[in-house]
There are 2 protein chains.
Amino acid sequence: MMDAPLLLSSFVKRAERYFPEKLIISRTGENTIHRIPYKDFAKRTRQLAAALEKIGMGRGVKVGSFAWNHHRHLELYFGVPGAGAILHMVNIRLSPEHIIYVINHAEDDILLVDHDLFPLIEKIAPHLKTVKHFVIMKDGLDLPETQLENVHSYEQLMAAEDGSYEFPEDLDENTPAGMCYTSATTGNPKGVVYTHRGLVLHSYALGMADSMALSERDIALSIVPMFHANAWGLPFAAVLFGTTQVLPGPGFAPGMLLDLIEQEKVTLTAGVPTIWLGVLKELEANPRNIDTLRMIICGGSASPKGLIRAFEEKYHVPFVTGYGMTETSPLVSLAVTTSAMEGLSMDERIERRSMAGLPMPGLEVRIVNENGEAPWDGETMGELNVKGAWIADEYYKDERTADAFRDGWLYTGDIAVIESDGYIKLTDRTKDLIKSGGEWISSVDLENALMTHEAVFEAAVIAIPHEKWLERPLACIVLKEGYREDDAMKAELLAYLESQFAKWWVPDDVVFLKEVPKTSVGKFLKAALRKEMAGHYG
Amino acid sequence: MMDAPLLLSSFVKRAERYFPEKLIISRTGENTIHRIPYKDFAKRTRQLAAALEKIGMGRGVKVGSFAWNHHRHLELYFGVPGAGAILHMVNIRLSPEHIIYVINHAEDDILLVDHDLFPLIEKIAPHLKTVKHFVIMKDGLDLPETQLENVHSYEQLMAAEDGSYEFPEDLDENTPAGMCYTSATTGNPKGVVYTHRGLVLHSYALGMADSMALSERDIALSIVPMFHANAWGLPFAAVLFGTTQVLPGPGFAPGMLLDLIEQEKVTLTAGVPTIWLGVLKELEANPRNIDTLRMIICGGSASPKGLIRAFEEKYHVPFVTGYGMTETSPLVSLAVTTSAMEGLSMDERIERRSMAGLPMPGLEVRIVNENGEAPWDGETMGELNVKGAWIADEYYKDERTADAFRDGWLYTGDIAVIESDGYIKLTDRTKDLIKSGGEWISSVDLENALMTHEAVFEAAVIAIPHEKWLERPLACIVLKEGYREDDAMKAELLAYLESQFAKWWVPDDVVFLKEVPKTSVGKFLKAALRKEMAGHYG
């Protein structure tokens, strides 16, 4: 067979040739929506590559982005790796210290920054050791006033190029294409390097009928930030398949997202539970037509069943939990319904939808605990391990590699059970697992149960040190408006759990919070909660 | 990213883990249908690998198969390459001389033969220089009486193994997995070697939403022989996706195929036009319920429009032309309807369905003629070139490699035009093209037009040497029953063409035949016709 490397630049060529008029619908500000056909996008990616090469981009050079989801960021997704350089998608929600750390650690030579985020970068610029050029992404050619040197206008750089640049075809498919850093619970963020091969195969997976079935017929809205785990790979795959894509720009207000879904007739979208909770609330308050949606993908943390039920039962939109992480490109598994699940009741279906689901073709999973590989019996817990062609095998120049990557597997840090038919169900993070009297208690199961109670808006169950049992669960609850934070409510919630779980699983106490602390990507920050509540059981 | 090779053995593991009860429905004889769940299939592939290793199979060893489409052949599809050996699927329809040639040329060490085909092999056995063992594939343990030595029973070899064998995971993905020979118009057949990587990526393509969308929900009937271009890759991809598959065994009678479609509720199937012409005739005579079919794929040669119309209009089954060849694994393109084609009339839709369609993601195509790369204008003809990860880059130990593989492309020998939206339309084989007075005339266009005439059963238009124009077209016609082969009919057919084509395209004459000579896989043997008719224009 031909030695034909799997390269991202082939996606651009394909979109340009077969879907020249399909649109990238890009919101760059409050009232600004660009509609860019793939033929123009393709030309712009080539202009971009040529322009960046003039300010020092070359093979293996790191180019940072600090940006929302919009067409210029998408141009970077292809223009940078297409030329053999590496796009480092900096998470704009990291602390300034961590932003400095990741840019220095990755050794970014050029940094492309959204104009509204530029003040943030200006402040930390003196600490950036490797960045030689800043490029401001903005509609129009004007530049902000700044003391910094080597600040360029994206559109001005582009205007100087005619698009005759051609992406090299002699790249090895294992050439690094991109990198993201994942926030660690302690210490600095850890870098993950993506290769062309990994991202191409990941894109193929998104197009498979039993996965997302991404098609040129779709109109895909990427809500997951493009600086977070490749926006789950949707922007890449959408170009491959010639899918119309909607990029929502800065500020993810639920109303704005619903407007985009309704106006652009979005068929598929992906985001974290927090987003969907907000969208649902807005939808109930101000109804929109979302009938075009054929799939909502929800991941990043466990999907509350009430949320799934609302979309599936009331709005008839398949609400599919996805599982993945920065280290996995990210798609590992999807809670799709297989033919064997046709006869399930709505309750059973929602139960399934809340799980992590079935792994993509091309990946392998297992669960391991103290006794070695655990059986797939839906009961025995173990740490989820993953391997495959789009799974990282190291953290970039980081000694924490040895913890997570062992004997050819990624140790995800997630505790799961696997049903006999292969469905993965996450029960906890290894770090969040509650070990009471030598037995494991799943905080996620307890949280999911609590979230089905009518009074509960958010629930986090954490392990608290305990003299006798070493650890005991504590339920931290945010109530919905109109419910009272009193002892009667505590008793009601605990009784509610007692009816569903073994007695020793039920938390010893409930505390009420105004808000659950969250990470930059909306995940519960249980470490902070544990620290705050550490003395609760004396 | 992890160095995770793309290997066929991973398909077996996946089917076994996630779809253990899904069935391989295998017809091995007149009234014998086996129903083998994937869990048993997986065990049997491991038994097979262990058994064959005991009689000399090892990495790089060639193992020949001489068999119909059934579960044992499918076991060979995985058991042989899974172990690092190479499965040579011998075309049982070749002439005895060519069968001897391909087995000797490939240097097959072991030959696995269907019991009903064994007499054929027995006859030529003295000429086979490398085969050391013959294995008879048959229900039951008994062996035919034979003078040959080292003849084993497949089921007896299997019975000695416990299935504890494990497929090696240290194979390079570029390891050869299989080979097929393609019949050349002159000279010996030419060998094509398939790699694990190529077959895995090809399988991914079959699962994509905009391609066949092959899913675990499907019930796929492989009518294309497993000794012909990997049965279009369906048996491989079906295992990957956990698709129920139906293998129709010996003797492809239309009635039997329709019975299988109806009884097993087949959703997707693939075969050559000759098969579908027979099936349609039988369906009209003896109606069956084929409502479960969601796609018929038709390839190998041009699909007559009347055939497409019958299935699309009367039976509401999408009838999709596919294009490919032994050298391309084989799927290059499919005549799928894109979103841009939604508004087409039935006639326009059928026109599109008769074309070769859009190339798979991962492949590149172009057309070239004397002026270099031809434009995609739907008019300019050129030889179709293809490249990509599942396209061959040579003929196995064959100096004809230099003709077909040039500057990184496969020169397919097919003349095509490409529409502005990328749809490929084949107009001829390079060898069948008619060059009249320096202009190209497409025999396929003329044939397609003739086939829409109510009197015509089959039509082949060929180039005949001509004193003045160098070549002129001649129409060779097989009439349907009840029509008279007379001058009035000739005049009517020529007038019919005149109403549709430029005058100089219309053949100078018509001859009536009882049958168009065909190759072993049902393609028109125009070379034979040209030879026979060479003096027709004097």
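The model is predicted, so local features need pLDDT of at least 70 and side-chain atom pairs count only at pLDDT 80 or more, while totals for chains, interfaces and linings use all residues. Residues are numbered from 1 along each chain as its sequence is written, chains are lettered from A and ligands numbered from 1 in the order in which they are written, and side-chain values use heavy atoms, with hydrogens and water left out.

**Exercise 1. Find the buried residues of helix α4 of chain B and say what they pack against.**

Step 1: Helices (H or I, at least four residues) and strands (E, at least two) are DSSP runs, numbered from the N terminus. Buried means under 20% relative accessible area, exposed over 50%, and partly exposed in between (1.4 Å probe, protein chains only).

Step 2: go along the helix. α4(B) covers residues 96-106, and its buried residues are Ile99(B), Ile100(B), Val102(B), Ile103(B), Asn104(B), His105(B) and Ala106(B).

Step 3: look for partners. In chain B, these buried residues pack against β3 (62-66), β4 (86-89), β5 (108-114), α5 (118-124) and β8 (176-182).

Step 4: check what comes next. Glu107(B) follows α4(B) and has a positive phi, near 60 degrees.

**Exercise 2. Describe how helix α1 of chain B packs against helix α8 of chain B.**

Step 1: Two packed helices are described by the angle between their axes and the distance between the axes. Axes are lines fitted to C-alpha atoms, for helices over the stretch in contact, and angles run from 0 to 180 degrees between N-to-C directions.

Step 2: read off both values. α1(B) (residues 9-18) and α8(B) (residues 234-241) pack at about 45 degrees, with their axes 7 Å apart. That makes α1(B) oblique to α8(B). As for the cut-offs, angles under 35 degrees count as roughly parallel, over 145 as roughly antiparallel, 65 to 115 as roughly perpendicular and the rest as oblique.

Step 3: name the touching residues. Phe11(B), Val12(B), Arg14(B) and Ala15(B) of α1(B) meet Phe236(B), Val239(B) and Leu240(B) of α8(B).

Step 4: sort them by class. Ala, Val, Leu, Ile, Met, Phe, Trp, Tyr, Cys and Pro count as nonpolar, Asp, Glu, Lys and Arg as charged, and the others, Gly among them, as polar. This contact has 6 nonpolar, no polar and 1 charged.

Step 5: widen the view. The buried residues of α1(B) are Ser9(B), Phe11(B), Val12(B), Arg14(B), Ala15(B) and Tyr18(B). They pack against α2 (38-54), α3 (71-82), α7 (196-207) and α8 of chain B, together with β16 (358-359) and β17 (363-369) of chain A.

**Exercise 3. Work out how chain B is related to chain A and what the two bury between them.**

Step 1: superpose the chains, by least squares on the C-alpha atoms of residues with pLDDT of at least 70 in both. A rotation of 180 degrees with 0.0 Å of shift along its axis puts chain B on chain A, with RMSD 0.1 Å. The two copies are thus related as by a two-fold rotation axis.

Step 2: find the residue of chain B closest to that axis. Met208(B) is the one, at 2.1 Å (C-alpha).

Step 3: turn to the interface. 56 residues of chain B are in contact with 56 residues of chain A. The area buried between them is about 4,400 Å², with 54% from carbon and sulfur atoms; buried area is the accessible area (1.4 Å probe) that two parts lose on being put together, summed over both.

Key. Contact means heavy atoms within 4.5 Å.
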